[in-house]
Amino acid sequence: MNTSLTPPLPEPAQAPAASPAQPPGWWGSLRADVDCVLARDPAARNRLEVWTIYPGVHAVAWHRVAHALWQRGWRYLPRWMAFVARALTQVDIHPGARIGQRFFIDHGAGVVIGETAEIGDDVTLYHGVTLGGTTWRAGKRHPTLGHRVVVGAGAKILGAIEVGDDARIAANSVVIEPVPAGATVVGIPGRVVARRRDAPHGFDLNHHLIPDPLGKAVSCLLDRVARLEAASAPTGPAQAQRPDSDCARCDGAQLPHTLPHTLPPGADSQPCPQPCPTEE
């Protein structure tokens, strides 16, 4: 009981709990897909061109309808829609795959996205990309791509692995292990060769600027061999042969015949026809 002379102050009204942001509808998602093509493809000149002749946009538009039906329990009709979309666009997206906003499939030809694949926002795939599985068991068996991932042409990402945000997958790579955020992966099997890069325009589409780990390793080995030869070379006046000397020409001519795996059956390496002159 309130015995004071002042009336009690009313309690402040509590703000309603913020509801989670609802994804845009089919039309809003399609408009965002068209806008992202204009932002990422210099060859796209206007919206009419993107609407009418970009198979990646058509495939994603068909998929968004098929996926909505799939989530409501339909099975045959979404699969039939995916079949028709594949025949028209050469892009095979299972209606069960989850795809985020502003998804861009450049060129479109040969892209395959499996049933349990998950793709974040602002992802770019080039032609020939496969998001496939590695098991016949039901359940999660396809990869999960984070936001702003770029996958180069012909790359294969296999299994229920995660590719972190802002990662880049080089063309023709085969990725079978998780990829950390911001990393660059190249090779078969894919290996992380670079960490996070800064993208000056928001999207790092320079998937051709990929380090060459094999070339770098060979270059390091050649440098190492040169240093070892320089350290072990004699210091006398006849420490090295001139490139234009008779010995150099003779050794160069005989080199292919002295390699064991290049000799024909029953043949032996032939000695140098003339003795190499000695330098005074």
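**Entry 1. Terms and model**

I take buried to mean under 20% relative accessible area, exposed over 50%, and partly exposed in between, with a 1.4 Å probe and protein chains only. The model I consulted is predicted: local features need pLDDT of at least 70, side-chain atom pairs count only at pLDDT 80 or more, and totals for chains, interfaces and linings use all residues. Residues are numbered from 1 along each chain as its sequence is written, and side-chain values use heavy atoms, with hydrogens and water left out.

**Entry 2. Overall composition**

I looked up the secondary structure and found six helices and 15 strands. These are DSSP runs numbered from the N terminus, with helices (H or I) of at least four residues and strands (E) of at least two. Of the 280 residues in the protein, 35% are buried.

I then turned to contacts, defined as heavy atoms within 4.5 Å. Among contacts between residues at least 6 apart in sequence, 34% join residues at least 24 apart. The protein exposes about 18100 Å², of which carbon and sulfur atoms supply 59%; accessible areas come from the Shrake-Rupley method with a 1.4 Å probe, and for residues only the protein chains shown count as cover.

**Entry 3. Aromatic pairs**

I next listed aromatic pairs. Rings of Phe, Tyr and Trp (its six-membered ring) pair if their centres lie within 6.5 Å; planes under 30 degrees apart count as stacked, over 60 as edge-to-face and the rest as tilted. I recorded two aromatic pairs by this rule. Trp-26 and Trp-27 make a tilted pair, 6.2 Å centre to centre with 40° between the planes. Trp-27 and Trp-51 make a stacked pair, at 5.6 Å and 20°. Trp-27 lies in helix 1 (residues 26-40) and Trp-51 in helix 2 (residues 47-53), so this pair ties together parts that are 24 residues apart in sequence.

Trp-26, Trp-27 and Trp-51 form one aromatic cluster. I noted Trp-26 as partly exposed because its relative accessibility is 39%. Trp-51, at 29%, also counts as partly exposed.

**Entry 4. A charge over a ring, and a surface patch**

I found the charged end of Arg-75 over the ring of Trp-70, 4.0 Å from its centre. The rule asks for NZ of Lys or CZ of Arg within 6 Å of the ring centre and within 35 degrees of the ring normal.

I also looked up a nonpolar surface patch of about 610 Å², made by Trp-74, Tyr-76, Leu-77, Trp-80 and Phe-83. Patches are made of residues with over 30% relative accessible area and no salt bridge; like charges are joined within 9 Å, and nonpolar side chains (Val, Leu, Ile, Met, Phe, Trp, Tyr) within 5 Å. Trp-74 lies in the loop between helix 3 (55-71) and helix 4 (76-89), and its relative accessibility of 47% makes it partly exposed.

**Entry 5. Backbone exceptions**

Most residues other than glycine have a negative phi, and most peptide bonds are trans. Pro-189 is in the loop between strand 14 (184-186) and strand 15 (191-194).

Gln-90 has a positive phi, near 65°. Gln-90 sits in the loop between helix 4 and strand 1 (91-93) and, at 54% relative accessibility, is exposed. Asp-166 likewise has a positive phi, of about 65°, and is not a glycine.

**Entry 6. Salt bridges**

I counted a salt bridge when a side-chain nitrogen of Lys or Arg is within 4 Å of a carboxyl oxygen of Asp or Glu. The structure holds nine.

Asp-122 and Arg-40 meet in one of these, at 3.5 Å from N to O. The pair links distant parts of the chain, 82 residues apart: Asp-122 is in the loop between strand 5 (118-119) and strand 6 (124-125), and Arg-40 is in helix 1. Both residues are buried. Arg-40, Arg-102 and Asp-122 are linked in a network of salt bridges.

Lys-140 forms a salt bridge with Glu-118, the closest N and O atoms being 3.4 Å apart. Lys-140 is in the loop between strand 7 (130-132) and strand 8 (144-145) and Glu-118 in strand 5, so the pair ties together parts 22 residues apart in sequence.

Asp-166 forms a salt bridge with Arg-148, with the closest N and O atoms 2.7 Å apart. I noted both as partly exposed, Asp-166 at 27% relative accessibility and Arg-148 at 31%.
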